[in-house]
Amino acid sequence: MVRARMGKYTLIITEKPDAAQRIASALDVKGKAKKLEDNGVPYYVAKRDKDIVVVPALGHLYTVAEERSGRSYYPVFSFKWVPRYVAERGAKQIRTWLETISKLAKDAERFIDACDYDIEGSIIGYCILKYACGDKDGISKRMKYSTLTKEELEKSYAEPLPHLDFTLIEAGRTRHEVDWIYGVNLSRALTIAARDWSGKYATLSTGRVQGPTLRFLVAREKAFRSFVPTPYWEIKAEVEMNGSVFEAEYEEERIEIKSKADAVLNACKGKDGQVEKVDIRQFRQMPPIPFDLGALQREAYGLFGYTPRRTSNIAQRLYLEALISYPRTSSQKLPPAINYKTILKNLSKAPEYKKLTAELLTKPELKPKEGKKEDPAHPAIYPTGNLPERVLDASERKVWDLIVRRFMAVFAESAIRQSMKACINVNGHRFYLRGRRTLKEGWLRFYEPYVRSEEVLLPSIEEGQTINVRKVFLEDKFTKPPPRYNPSSLLKRMEEKGIGTKATRANIIQTLYDRKYVRDERMVVTDLGFEVLEVLEKYCPTVVSIKFTSELEERMDKIQTNSEKRENVLVDAVEILKPVIEELKDKEKTIGEQLSNAIKRARLEERIIGACPVCGTGKLMILYSRKTGKRFVGCTNYFKGLCKTSFPLPQKGTVRPLGKNCRGCGWPTVHVRIRGKRPWTLCFNPECPLKEERRKRIEMRNMQ
Amino acid sequence: MKCVICNREDCENGYCELHRKAYESIVKKYEVWKKALEISWKEYLSEIIKNPLTGEWAKEVAEYLIESGEK
């Protein structure tokens with residue numbers, strides 16, 4: 001142990017090991033902090049004016065737990081903060097971790113909390129200083145930084161905040177405690193009800209934010225499944241100009257009566273058109289605003305298909321490598337203190353950004369386009385200017401590049417675009433020809449290839465000009481159902497309604513998948529999801545009320561600004577929950593039956609692979625032979641004597657419906673995973689063109 | 001009373017809450033279809049069953065209405 005060979009030192013607590021290593025290296029005079037270990041727990045010794053020991057946490061080391069032990073009872077309203085290994089299975093490592101921190105705290109004379117500067121980071125640091133270091137929360141200082149760059153870390157070490165941010169800690173503790181009380185009581189009520197009725201255990205969960213989020217999804221799913229489309233028609237005219245063909249749209253965007261659409265069609269057939277009016281307008285397209293976490297998650301989903309949680313994890317890695325600033329921010333502002341020029345100069349060392357950064361650096365003044373949202377703790381997400389020290393994997397590279405290009409774009413000029421609208425009269429009926437082009441690229445060039453703007457170039461058109469109308473035609477259309485949420489649009493909805501926090505929303509969405517309340521990328525609510533929400537809406541409407549949840553969020557936020565008391569929020573939250581839990585307990589049997597049946601159906605639903613491509617009406621499903629116990633795929637119409645389709649399945653490993661059809665033949669597919677082998681996708685179609693291609697490829701390889 | 005389509009309890013007019021919503025939607029949208037295409041109730045039901053944009057509960061109700069001949 002190092003402390004035996006050292007005098008008194010400063011002990012710095014960080015949130016994660018990567019951050020500890022980076023902070024220690026930044027503070028060491030030679031830039032090479034010494035890595036030591038105690039029972040497998042790493043910590044770093046840095047030499048500066050005084051010795052510094054930097055020890056990391058592993059995220060939260062303490063959690064809220066009930067005072068009495070046991071998991072199969074409720075209601076539970078008395079709680080305490082305990083080390084995670086006390087409350088959670090599989091958290092044994094935390095015990096040695098805390099022992100090491102306690103040992104290191106003994107010889108420390110000065111304490112600094114250097115966890116991430118937000119609610120979660122503040123609680124992590126506070127709990128360690130209070131419980132593991134022996135009530136050092138009152139004398140500890142606080143390092144505040146938004147990037148893990150050497151310059152910023154040195155500055156925040158030299159000028160730490162004089163004490164911990166206790167209002168932030170109070171707000172965070174309350175949030176954890178309220179969430180725990182709601183989560184543990186409601187989840188246990190559901191799980192125990194189902195278990196006692198069916199005798200089988202299945203984890204069911206809900207919570208203060210999870211319930212209202214599921215409610216958004218169920219409302220949309222109901223609208224989707226009850227949807228009846230209505231017909232309408234669009235009329236288009238194909239016109240020829242300078243040898244090119246363009247499509248003009250009828251003045252009425254949609255016609256809802258077929259006979260009316262036919263009448264227009266007949267009136268225009270075989271007639272030429274005449275240009276009545278040409279309207280040309282120029283407009284500015286403003287640069288985008290900097291990313292907050294939600295905007296980054298949405299953009300990465302739209303461009304790369306990454307789920308919000310994946311983007312959040314990637315951004316966290318980039319932050320820990322000092323490539324970007326702290327990502328869990330809701331700010332859309334970039335203060336000058338981050339030093340725009342230095343960041344751009346550093347980025348110019350990367351060949352792909354050299355030209356663009358050089359262009360920005362010639363501007364007399366760098367002023368970012370900013371959004372309205374502010375975050376007291378951190379600015380919007382920006383690149384630090386550091387270049388990667390290792391080869392980033394493809395997803396990290398994409399997200400980093402997106403953040404760099406967005407950062408450059410916010411300093412660029414507006415784009416100037418031109419729209420052209422020509423009105424063509426065909427036998428008394430007006431058609432519009434629309435064009436759009438970019439006159440000055442401005443920021444669009446900086447944000448390539450992530451720009452989504454379409455160019456439709458039209459030839460020059462003059463008023464009075466006769467136009468050759470090649471044909472006029474009808475397009476049959478139907479109204480579309482409201483789209484199902486995807487993880488990105490759901491996250492946006494949660495943000496708009498003010499439920500959850502930027503740090504928790506992505507995980508809550510993931511929990512809905514983990515609990516099998518939803519499936520697929522376009523989020524389909526399962527039977528189980530419907531039943532859980534039905535139970536909650538019937539017996540405890542308050543806890544799934546979006547209004548109630550967002551009001552509680554607001555009150556918890558107010559603790560942060562000292563305008564609300566933690567005790568009041570906790571007492572009120574418990575008072576609201578108590579009758580709800582009593583009602584759930586009273587109706588335990590009915591709820592248990594409803595949920596058990598839903599779990600049973602959900603387990604069956606999990607085995608459905610997709611529509612049977614042979615009979616077209618049944619569903620292919622994973623079944624088990626009564627004789628041999630072996631699994632295979634069969635059509636559900638077999639039981640009605642309508643379809644005998646069946647296919648063998650591998651007997652080892654796991655087989656899971658993929659939810660996607662084969663890209664070669666459109667048949668449903670499964671994902672097979674066998675230990676020691678690469679997972680693969682299995683298409684059942686014996687005549688699938690992809691199988692033929694693969695066979696040919698293997699033959700070619702063997703011939704070579 | 002159980003839902004004529006899915007056997008769920010708590011029904012009103014033969015439909016559970018979910019299928020009732022779909023039924024109401026079918027009845028409401030018929031007016032639009034009738035005006036648009038001058039089609040009969042039965043033709044309308046066949047059309048919406050065939051349409052891939054029709055929600056699955058609405059399809060189930062439409063199928064039931066055709067089978068039972070109810071309006």
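Leaving aside its neighbours within four places in sequence, which residues is A:I128 in contact with? In this predicted model, A:I128 touches A:I13, A:A57, A:L61, A:I101 and A:C133. A:I128 also belongs to the largest nonpolar core, which has 144 residues. Together with A:I23 and A:V54, A:I128 touches the most other members of that core. Helix α6(A) supplies the largest share of this core, with 13 residues. There is also a second, separate core of 21 residues, and among its members are A:Y232, A:F246, A:C268 and A:I424.

Helix α6 of chain A covers residues 166–198, and helix α4 of chain A covers residues 119–132. Their axes come within 8 Å and cross at roughly 95°. An angle from 65 to 115 degrees counts as roughly perpendicular, so α4(A) is roughly perpendicular to α6(A). On the α4(A) side, the residues that meet the other helix are A:I119, A:E120, A:S122, A:I123 and A:Y126. On the α6(A) side they are A:L168, A:I169, A:A171, A:G172, A:R173, A:R175 and A:H176. The residues of this contact divide into 6 nonpolar, 3 polar and 3 charged.

Further along chain A there is a sheet. It is open, has 3 strands in the order β21-β22-β23 (chain A), and its pairing is antiparallel. Strands β21 (654–661) and β23 (680–683) of chain A each have a single partner strand, so one side of each is left without a neighbour in the sheet. On average, neighbouring strands of this sheet are turned by 35° against each other, direction ignored. Strand β22 of chain A, residues 668–673, pairs with β23(A) over 4 bridges in the antiparallel sense. A:H671 has A:T681 in β23(A) as its bridge partner.

Technical notes. Residues numbered from 1 in each chain as written. Chains lettered and ligands numbered in written order. Predicted model: local features only at pLDDT ≥ 70, side-chain atom pairs only at ≥ 80, totals over all residues. Pairing = 2+ DSSP bridges. Helix = DSSP H or I, 4+ residues; strand = E, 2+ residues; numbered from the N terminus. Axes fitted to C-alpha atoms, helices over the stretch in contact; angles between N-to-C directions. Parallel < 35°, antiparallel > 145°, perpendicular 65-115°, else oblique. Contact = placed C-beta atoms within 7 Å. Nonpolar A, V, L, I, M, F, W, Y, C, P; charged D, E, K, R; others polar. Core = buried A, V, L, I, M, F, W, Y, C linked by C-beta atoms within 7 Å. Buried ≥ 20, exposed ≤ 12 C-beta atoms within 10 Å, placed from the backbone.
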